[in-house]
Protein chains: 2
Amino acid sequence: MSILIVGTVAFDAIETPFGKTDKIVGGAATYISLAASFFSDKLRLVSVVGDDFPQEAITMLEKHNVDTDGLQIKKGEKTFFWSGKYHNDMNSRDTIDTQLNVLETFDPVLPNNFKDSEYLMLGNLVPSVQQKVLDQMSSKPKLIVLDTMNFWMDNCMDDLKEALKNVDVLTINDEEARQLSEVYSLVKAAKIIQKMGPKYLVIKKGEHGALLFGEDKTFFAPALPLENVFDPTGAGDSFAGGFMGHIQKTGDVSFENLKSAVIYGSVMASFCVEKFGTERLTEITQEDVKERVNEFVSLSSFAL
Amino acid sequence: MSILIVGTVAFDAIETPFGKTDKIVGGAATYISLAASFFSDKLRLVSVVGDDFPQEAITMLEKHNVDTDGLQIKKGEKTFFWSGKYHNDMNSRDTIDTQLNVLETFDPVLPNNFKDSEYLMLGNLVPSVQQKVLDQMSSKPKLIVLDTMNFWMDNCMDDLKEALKNVDVLTINDEEARQLSEVYSLVKAAKIIQKMGPKYLVIKKGEHGALLFGEDKTFFAPALPLENVFDPTGAGDSFAGGFMGHIQKTGDVSFENLKSAVIYGSVMASFCVEKFGTERLTEITQEDVKERVNEFVSLSSFAL
């Protein structure tokens with residue numbers, strides 16, 4: 001049992017009201033991998049970096065159960081770079097700089113032994129690249145999860161809708177759900193989006209939690225109220241990693257277990273935002289995860 | 001066992017993206033009373049109206065278990081009137097008109113038999129008027145809940161802080177919690193506000209649910225995702241009514257039971273927004289409430 005993770009591995013420079021970083025290692029696939037590594041020891045990465053990407057970051061991923069055979073290293077090219085600044089509310093941000101670099105010509109090539117992965121996590125990327133990965137799978141995964149963002153809805157909605165036909169779970173935020181469905185009510189949006197392909201929809205609402213729709217049922221998981229949200233970068237990807245990691249660990253794709261996966265996703269996201277970049281995800285232990293899970297249980301359980 | 005409810009009884013004219021109303025009966029105490037009536041048959045109302053207020057609305061309240069002996073009817077004066085228009089997102093609104101009328105000189109007078117009420121719900125009103133009610137109680141209620149809003153923080157913060165010293169539970173929204181505490185993080189805000197007097201704090205986040213803080217514990221209740229939010233007017237007051245109603249019904253002011261009360265409050269708010277004004281609250285049955293409670297359980301329960 002393994003999870004194939006496709007997405008960016010990148011450099012970020014982040015500014016929040018709490019401070020700023022120089023170039024640090026980031027990217028959707030990095031966060032997804034780190035978060036999933038708390039649940040799964042069979043992670044397979046497909047991504048691309050330039051030769052400016054530090055070997056120690058690759059080694060760090062390998063130590064977190066990641067098979068990096070599908071990580072292309074482009075000689076003489078530069079790694080994808082994103083720089084952004086968060087506003088005081090931490091819910092909105094300005095992109096200061098985006099340098100696509102190696103991402104501009106990224107053609108994902110799945111190593112042969114990756115093609116039968118039981119679980120596929122398509123991190124936020126050009127939809128046509130996500131589709132190219134789907135096309136290379138030799139057998140249908142037990143669960144395909146796709147994450148995307150408003151940028152692709154603005155610029156290549158047709159490609160995105162094509163890819164959506166082939167996925168089981170879509171994860172987007174509330175504004176993106178509204179944009180994709182063209183309706184305001186999230187309940188109505190979920191119905192419309194489920195008709196586009198995904199049997200399940202996860203709507204990530206940041207500090208307001210996450211909603212799971214599927215099989216005519218709805219589940220809501222709160223976000224943990226935190227004293228300090230230090231840096232929201234990667235929270236959604238950490239969510240996806242925890243979500244997918246739990247499903248692979250249990251091998252159970254029922255709605256009941258997807259609910260648990262949403263909780264584990266929320267747990268990993270709650271760690272991610274506590275420090276800059278991937279720092280917190282690389283220092284926490286299984287014990288920390290277990291404790292945080294208990295906090296979620298106590299936060300949302302009641303007896304009438 | 002009885003609940004003393006103090007707050008406005010008023011006329012509203014409401015416009016939402018779904019339509020608009022002429023003058024209809026509203027006011028915090030009206031919504032609180034209607035919602036609480038599903039749990040309690042001993043409601044006591046202290047408020048004021050003009051002689052333009054229809055007798056049938058008073059009769060309607062009486063049919064909902066409300067003792068109206070404390071409702072002053074001012075001859076030759078007009079009832080408080082508020083008119084507002086909601087924006088497309090239903091989270092923000094513009095006040096079009098506010099006519100204080102009888103509210104300008106409102107001096108609450110508690111009938112003697114109201115003074116020993118076991119539970120006191122101080123609906124949104126001038127803080128000094130809320131304080132006058134507190135001063136008239138002959139014995140300390142088992143639980144005093146106070147609801148307020150940013151308007152009073154802007155205009156009479158000192159009076160509000162004075163009243164807060166005497167209450168057990170404060171209910172406000174997230175922006176108001178930030179304004180009152182002068183910090184952004186709701187976790188930090190809760191700690192600061194609890195030092196002002198209230199042992200417990202409920203932060204109402206509208207479509208994003210509600211948080212309960214107290215005894216170093218935190219509980220989160222989701223809002224029910226709805227296909228249509230027709231009119232948010234009175235949702236917070238309906239929440240307060242369901243919250244207080246459940247507590248009076250059970251006679252239990254433990255944190256565990258306050259959690260249940262937050263769920264019942266959320267249930268009543270979820271009905272309120274489904275139609276204009278108080279319409280939905282006056283047509284639902286105990287059976288509807290029971291069913292909706294089950295929806296909340298299914299929405300938020302998970303087994304890890």
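This is a predicted model: local features need pLDDT of at least 70, side-chain atom pairs count only at pLDDT 80 or more; totals for chains, interfaces and linings use all residues.
Student: How should I read the numbering and the confidence limits?
Tutor: Residues count from 1 along each chain as its sequence is written, and chains are lettered from A in the order in which they are written. Local features need pLDDT of at least 70 and side-chain atom pairs 80 or more, while totals for chains, interfaces and linings use all residues.

Student: What is the strand order of the open sheet of nine strands in chain A?
Tutor: Strands are DSSP E runs of at least two residues, numbered from the N terminus, and two of them pair if DSSP finds at least two bridges between them. The pairing here is mixed. The order is S6-S5-S1-S9-S10-S11-S12-S13-S14.

Student: Why is one side of S6 and of S14 in chain A left without a neighbour in the sheet?
Tutor: Strand S6 (66-74) and S14 of chain A stand at the edges of the sheet.

Student: In S9(A), which residue is the bridge partner of A:Ile5?
Tutor: Strand S1 (residues 3-6) and strand S9 (residues 119-122) of chain A pair in the parallel sense over four bridges. The partner of A:Ile5 in S9(A) is A:Met121.

Student: How many residues of chain B are in contact with chain A?
Tutor: Contact means that C-beta atoms, placed from the backbone, lie within 7 Å. Chain A brings 23 residues to these contacts, and the number from chain B is 23.

Conventions: Two residues are in contact if their C-beta atoms, placed from the backbone, lie within 7 Å.
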